[in-house]
Amino acid sequence: LRDNLLETAIGKATETGQMFVSTSKYQIGVRKPRITITLTTDSSGSTAGDFIDLAHSGPSVTCYTSTRAMVFMTAESDNNTADSARYIGYDVSGASNIPVAVYRSIRHDGQGFTSAGLRNGQADLITDLTPGDNTFTMKYNVGSGTATFRNRVLVVIPL
């Protein structure tokens, strides 16, 4: 009877902020959402299509996941060149090895605005993870000119 009770959410809850997901039929696992915020301002010139780390890399979050996680990103950026796209994406390392993908990225396009700064965000359900400890790290790409990134936030909810 004791072992059956330990398989309930009440039995598995060991710290605040945890949530519970089904890991298989009649089984539950414990997951804890993670957040990292980088408030520093960093700039980068054109990266010729490559996603890079900034001087203050990340933000980055490490957590245990199954094959799925919800990833939320938000950041502010501007560029000294009008109509210059800049992308903010993330890669995954650790148990998984998933490079940054443009289709999973925030795209900021100046559309004539250079120093006004745009703030955008994105939510993404990623379903191709390898179960285990995975590290999600935000990466940056600049089409032309010099882009400035600030107030970057990364939230991962492991499922």
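Seven salt bridges turn up in a search of the whole structure, a salt bridge being a side-chain nitrogen of Lys or Arg within 4 Å of a carboxyl oxygen of Asp or Glu. The model is predicted: local features need pLDDT of at least 70, side-chain atom pairs count only at pLDDT 80 or more, and totals for chains, interfaces and linings use all residues. Residues are numbered from 1 along each chain as its sequence is written, and side-chain values use heavy atoms, with hydrogens and water left out.

Start with Glu 76 and Arg 150. Their closest N and O atoms are 3.2 Å apart in a salt bridge. Glu 76 sits in strand β6 and Arg 150 in strand β11, so the pair ties together parts 74 residues apart in sequence.

Next comes Arg 104. It meets Asp 124 in a salt bridge at 3.5 Å, N to O. Arg 104 is in the loop between β7 and β8, Asp 124 is in strand β9, and the two are 20 residues apart. Both are buried. Arg 104 also meets Asp 128 in a salt bridge, at 3.1 Å, N to O. Asp 128 lies in the loop between β9 and β10, so this pair ties together parts 24 residues apart in sequence. Arg 104 has 8% relative accessibility, whereas Asp 128 is partly exposed at 42%. Elsewhere, a network of salt bridges links Asp 53, Asp 91 and Lys 139.

The protein chain has two helices and eleven strands. These are DSSP runs numbered from the N terminus: helices are H or I with at least four residues, strands E with at least two. Strands β1 (residues 19-24) and β2 (residues 27-31) run antiparallel, joined by five bridges; strands pair if DSSP finds at least two bridges between them. Phe 20 has Val 30 as its bridge partner in β2. The two strands form a hairpin with two residues between them, and Tyr 26 in the turn has a positive phi of about 70°.

Finally, the core. The largest nonpolar core has 22 residues, and Ile 126, Phe 136 and Leu 154 have the most contacts inside it. Such a core is a set of buried Ala, Val, Leu, Ile, Met, Phe, Trp, Tyr and Cys residues joined through side-chain atoms within 4.5 Å. Elements giving it two or more residues include β6 and β11. Beyond its neighbours within four places in sequence, Ile 126 contacts Arg 104 and Phe 136, among others; contact means heavy atoms within 4.5 Å.

How values were computed: Buried < 20%, exposed > 50% of the residue type's maximum accessible area, 1.4 Å probe, protein only.
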